[in-house]
Structures are given as C-alpha cells and as structure tokens.
Amino acid sequence: MGASLDDLKPVADHLRALAQSVGDPPEIAGYEADSADVTITRMHRVSVSDDDLRAFAETLRGIPTLSGLDGGIAHYSPSASGSISLDLIGHWLLAQARASPSEDCVACLMAAIAKNQSPVLEIIPVWGISPRVSIDLGEGIKIVPIHDLPPSKLKDLFIGKRRHKYSFDIANSSPRPGAAIVKETVHGPLYESKNRKKGSRLVS
C-alpha cells in the first residue's frame, strides 16, 4: 500500500514552510530569462542552504516509498539515466512548490512513483514547411509549428534564440525548421530502486 495523506502531511508541511525561503538556482545566472536553460532548470532546482536541504531530505526519508528510491536509478529517457538521491527529490519538490500548493506537489510525485511511467513527446524537426496551426494526423501524431513546441534547448537552437549574450549557435546562420512532427507516447520505467529489478514499483 502507498503512503496515506496523513503519512505525507509532514512532507507537505515542511515543503510549504521551506519553499518560502528558496530562490532561483545559481546556475541560471548569465542566461537569457526566456531561454530553456532558465525555464527548465527552474522546474527542477532551487537555491537552498545545505542545512535546510539536509533537514528536508530527512523528512523525506521518513516516507518508506521515498527512502526506497535513495540510491536507485532514474531513467530520464531511453538513452539517459542517473542516480537518485533524496537531495534531488527535495530540489524538485521545492522547485514545484514555488508555483503550486505543496500538497499537490507531493501528490504528483507519489502518483508518478506509483505509475512508474510518464507521457513524453517524440519530436522530429521538419524543414520546408511553416504551418500556422497544428495539424492532427491521428494516432497521437501531429505536425506542430516550431514556435509552439514546449521549451527545450533544442527548440532554442532551431528558432535562433540566444541562450546568453556570449552564445553563438550554428542554427543562427543555417536554414531553420518551420515545424516538427510530434508523437505522443509513454516513457517507462521512470526508475529502478537500488534493491529491486528494473521496472518494479515501490508502491501499489
């Protein structure tokens, strides 16, 4: 069984209190405010003191589902993975709590852990066409104007956005795609815990 709302209340309470004192992650300094380097990083990291983060990680450790993730492997995509730590989970929760209620952030995290999969977009740039609106091809596939894609460093490259004042990207002087083929699919498993086989769930 997963953790109950009462079990998760200490996490939500600690998150709500701590989120009021965190700031932007220092690594975004120097980047253009509307670049993906800023918008995406803000969704995952914050500026927080080591002591505060350590204390929050201990609160997270009190939830067996979360403590079971510590030391496991996160699968960010079919070709990219990395280690999981309670510090990273803490950063993500704090980043989310700057814009959403703490209870919603915790519930979202627990739902993703339980499901162990997430919607994902497969994107292929297309040159030679510049549609004004999205074209639905059916079966979860669309042709989307390049400017309507969600934020990413690759999108910034294709539309010629300057990431920071010293940046120069080859796409700035090359023909740019006007659209992309986008397919909605599902990525999973999102994680494997340290002591379990790939794809196994920590909660039911």
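## Basis

The model is predicted, so local features need pLDDT of at least 70 and side-chain atom pairs count only at pLDDT 80 or more, while totals for chains, interfaces and linings use all residues. Residues are numbered from 1 along each chain as its sequence is written, and side-chain values use heavy atoms, with hydrogens and water left out.

## The open sheet

Three strands make up an open sheet, in the order E2-E1-E7, with antiparallel pairing. Strand E2 (80–83) and strand E7 (191–192) are at the edges with a single partner strand each, so one side of each has no neighbour in the sheet. Helices (H or I, at least four residues) and strands (E, at least two) are DSSP runs numbered from the N terminus; two strands pair if DSSP finds at least two bridges between them.

Strand E1 (residues 73–77) is joined to E7 by two bridges, and the two run antiparallel. Ile73 stands opposite Glu192 in E7.

## Backbone exceptions

Most residues other than glycine have a negative phi, and most peptide bonds are trans. The bond between Gly188 and Pro189 is cis, with omega about 0°. Pro189 lies in the loop between strand E6 (179–187) and E7.

Asn116 has a positive phi, near 60°, and sits in the loop between helix H6 (102–115) and strand E3 (118–126). Glu139 also has a positive phi, near 55°, in the loop between strand E4 (135–138) and strand E5 (141–145). Asn116 counts as buried at 5% relative accessibility, whereas Glu139 counts as exposed at 79%. Buried means under 20% relative accessible area and exposed over 50%, with partly exposed in between (1.4 Å probe, protein chains only).
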